[in-house]
Amino acid sequence: MKKTVRIALPLALALAAAPGFANDDKMLSEARGVAAGIPPKLLNVLDEEIKKGGPEGAIGVCREKAPAMARAASEQTGWAIRRVSLKNRNPKAVPDAWEEAVLKDFDKRAAAGEKPTGLEKGEVVTVDGKQMYRYMKALPTQDLCLQCHGTPERVSPAVQAKLKEFYPDDKAVGYASAEIRGAITLKKPLP
Ligand code: HEC
């Protein structure tokens, strides 16, 4: 038994001495996988519901299904997951300071020519003395989104009426295609 310890110790020391990169990489790829799973599922459901009942009939998808999908993924994976925006519709979708800085950086990077679909950011941050991994991925608009997030010409009167009823302080309109509507944001304490 002693022999095993003597052999294993240098290896353990070498691993411990390596900076946190291996861990960060693992957290990044985990967050990336979780974040990538939700938007395509949501898009499918949105598309189906819009075909069935028009955009006014699909408002519930973004209102109930999107948060429900985020909750389910949170429970499955242990990552806290939500959506935020600099021009939020849901009054709770306000970014915190870290998220706000990342969203502003996404806008800058997009303006400088980076593809909005590829914009992401992962970082280890210390909150109240505890290390957390935080990750954000941009959610760019596609044509379909503009039925509920576009300029007044693109948003039908029926949708406008419903949005006004549910979200009197709605800021999430006036977008064009391929603009950054917001981001999916994830965090988890480091192991
Ligand atoms: C059928 C209408 C509709 C369509 C289409 C739609 N959304 Fe939304 N979106 C909403 C509603 C309603 C909310 C508020 C949801 C809530 O109450 O949490 C919302 C919220 C969001 C949020 C969360 C931040 C916020 O402002 O509250 C993001 C991000 C978002 N939508 C992105 C998109 C993107 C990207 C698309 C296209 C792929 C899209 N939406 C298509 C209706 C829509």
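Close-up 1. Tyr 167 uses its side chain instead, with an N or O atom 2.5 Å from an oxygen atom of the ligand. The model is predicted, so local features need pLDDT of at least 70 and side-chain atom pairs count only at pLDDT 80 or more, while totals for chains, interfaces and linings use all residues. Residues are numbered from 1 along each chain as its sequence is written, and side-chain values use heavy atoms, with hydrogens and water left out.

**Close-up 2. The iron atom and the residues around the ligand.** His 149 is the only protein donor of the ligand's iron atom, through NE2 at 2.2 Å. Donors here are N, O and S atoms within 2.8 Å of the metal (3.2 Å for Na, K and Ca); water is not among the atoms, so sites may look incomplete. His 149 belongs to helix 4, residues 146-149. Helices are DSSP runs of H or I with at least four residues, strands are runs of E with at least two, and both are numbered from the N terminus. Around the ligand there are 23 residues, each with a heavy atom within 4 Å of it. Arg 89, Cys 145, Cys 148, His 149 and Tyr 167 come nearest.

Close-up 3. Arg 134 is in strand 3. Arg 134 is buried, at 6% relative accessible area. Buried means under 20%, exposed over 50% and partly exposed in between (1.4 Å probe, protein chains only). Its side chain makes a polar contact of 2.9 Å with the side chain of Asp 96. A second polar contact, of 3.2 Å, joins the side chains of Arg 134 and Glu 99. Such a contact within protein is a pair of N or O atoms within 3.5 Å, one able to donate a hydrogen and the other to accept it; residues adjacent in sequence count only if both atoms are side-chain atoms.

**Close-up 4. The largest nonpolar core.** This core holds 24 residues, of which Trp 79, Ile 81, Ile 184 and Leu 186 touch the most other members. Helix 2 (21-77), strand 3 (130-140) and strand 4 (180-189) each give two or more residues. Helix 2 gives the most, with 15. A nonpolar core is a set of buried Ala, Val, Leu, Ile, Met, Phe, Trp, Tyr and Cys residues joined through side-chain atoms within 4.5 Å.
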